[in-house]
Amino acid sequence: MPPKTEFGRHSLGIGLYLAGVFFFAVNDALGKWLVASYGVGEMLFIRSIGGVGMLVPIALYLGVSLRMRGSWKLQLARILVQTLDSYCFYYSTRYLPLADVMTFYMAGPIIVTAISALALGERVGPYRWSAVVVGFVGVVIALAPNGGAAFHPAALVALLGSTMFAISLAMTRKLRDNHPLALVTGQYIGSGLIGAALSPMGWATPGPIDFGLLLLLGIVSAGCFLLITRALALAQASLLAPFQYSAILWAAIFG
């Protein structure tokens, strides 16, 4: 059960979000390594097999219904947006260093904060805006030594992915009445179908070890989304957004 006080809920949400960001960095490093040998569509397809293969047994064990509630249009839009986010991320890491891609993704907190105020009706005070802006300035400074990456066409793909990620967070917050397992399972089934449709373009049959790593990619990333989805059910998106900047540290280390 979630904590009864607002402070307790927010604290737990922040902790889960930070954990999710860390495991996203692990997922991203593994994804960057694999995308050098396999197409993005193929990765999304096999990744989804691993993710769904973990999520469904957990849901059955816990007795959680995977039926999603709320607007089916919003559910479908969320699946498409998150799939595009993942596609953009893996595609851009093929051509850019991991730390640079994560830096471009750091535009996300500003977008999340703006969406939270305009679309979700969240109260975004000066402290949250200040945290987001200061963090983004730090990110720009961090990017300066590798500023040439900003002129690579893949940088535009990374920025598109960042925007999709921010929009997906707002959508997830909007659908917070759904169980996280239901949201993430639906997301992975949808992205798997899209990945399967794209897989014939550049398919490379993986060996046993790489196939296992692609499945592991799905398991790790599904765990990340579970943590972040649960965090968004406990705390406002604008409150959590600045903590996304912790990804820069992990990206630099793993990169």
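Is Tyr 87 buried, partly exposed or exposed, and at what relative accessibility? In this predicted model, where local features need pLDDT of at least 70, side-chain atom pairs count only at pLDDT 80 or more, and totals for chains, interfaces and linings use all residues, Tyr 87 counts as partly exposed, at 28% relative accessibility. Residues are numbered from 1 along each chain as its sequence is written, and side-chain values use heavy atoms, with hydrogens and water left out. Buried means under 20% relative accessible area, exposed over 50%, and partly exposed in between (1.4 Å probe, protein chains only).

The structure holds 7 aromatic pairs. The rings of Tyr 87 and Tyr 91 are stacked, because their centres are 6.5 Å apart and their planes stand at 10°. Rings of Phe, Tyr and Trp (its six-membered ring) pair if their centres lie within 6.5 Å; planes under 30 degrees apart count as stacked, over 60 as edge-to-face and the rest as tilted. Both tyrosines belong to helix H3 (residues 72–93), 4 residues apart, about one turn of the helix. Helices (H or I, at least four residues) are DSSP runs, numbered from the N terminus. Tyr 91 is partly exposed, with a relative accessible area of 30%. Phe 89 and Tyr 90 form an edge-to-face pair, since their ring centres are 6.0 Å apart and their planes at 80°. Phe 89 and Tyr 90 are both buried. A cluster linked by ring pairs contains Phe 24, Phe 165, Tyr 188 and Phe 225.

Leu 62 lies in helix H2 (residues 40–62) and is exposed, with a relative accessible area of 52%.

Conventions
Helix = DSSP H or I, 4+ residues; strand = E, 2+ residues; numbered from the N terminus.
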